[in-house]
Amino acid sequence: MPQSFVQGEIRIFPNPAHDNIYIEFPANKMQNDIVDIVLYDITGRLIFNYEYKILPQLKLDISTLAPAVYLLNIRGREENFVVRIEKY
C-alpha cells in the first residue's frame with residue numbers, strides 16, 4: 001500500500017513508487033529558495049544530485065531506476081533529512 005512520509009510538513013509520496021515521487025513543500029516555505037535533492041542507493045552510491053527551486057510540489061522521475069531501496073536526502077537552508085524510498 002503506498003504511503004507518504006511527512007517531515008517538518010514536507011510530504012513525500014507515494015512510497016513505494018514506480019514512476020514518480022512527489023515532494024510537497026508547505027505554503028510557508030520561501031518559494032524560489034534552493035533545495036538539494038540527492039538520491040543514493042542502499043550502498044551509499046550517488047544516483048543523482050539536483051538543485052531545485054522550491055515549488056509547492058516537485059516531481060522526481062524514477063522510472064529508469066532499477067527496483068530497489070534508495071535513500072532520498074533533502075537539504076535546504078533550515079532542514080536536512082533522509083527518507084527511505086522503495087522503487088518497485
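**Core and sheet**

Mentor: Happy to. In this predicted model, the largest nonpolar core has 21 residues, and those with the most contacts inside it are Ile-12, Ile-23, Ile-37, Leu-72 and Ile-74.

Trainee: Which strands supply at least two residues of this core each?

Mentor: Those are strand E2 (10–15), strand E3 (20–24), strand E4 (34–41), strand E6 (57–61), strand E7 (68–75) and strand E8 (80–87).

Trainee: And what does Ile-23 touch?

Mentor: Leaving aside residues up to four places away in sequence, Ile-23 touches Ile-10, Arg-11, Ile-12, Ile-37, Pro-56, Gln-57, Leu-58, Leu-60, Leu-72 and Ile-74.

Trainee: Okay, switching to the sheet. In what order do the 4 strands of the open sheet run?

Mentor: The order is E5-E4-E7-E8, with antiparallel pairing. Strand E5 (46–53) and E8 are the edge strands, each pairing on one side only. From one strand to the next, the twist averages 20°.

Trainee: How many bridges are there between E7 and E8?

Mentor: There are 8, in the antiparallel sense.

Trainee: Nice link. What about E4 and E5, how many bridges there?

Mentor: E4 and E5 pair over 7 bridges, antiparallel. Tyr-40 has Leu-46 in E5 as its bridge partner.

Trainee: Which residue in the hairpin of E4 and E5 takes a positive phi?

Mentor: Gly-44, with phi near 95°; that hairpin has 4 residues between the strands.

Notes:
Residues numbered from 1 in each chain as written. Predicted model: local features only at pLDDT ≥ 70, side-chain atom pairs only at ≥ 80, totals over all residues. Heavy atoms only, no water. Core = buried A, V, L, I, M, F, W, Y, C linked by side-chain atoms within 4.5 Å. Buried < 20%, exposed > 50% of the residue type's maximum accessible area, 1.4 Å probe, protein only. Contact = heavy atoms within 4.5 Å. Pairing = 2+ DSSP bridges. Axes fitted to C-alpha atoms, helices over the stretch in contact; angles between N-to-C directions.
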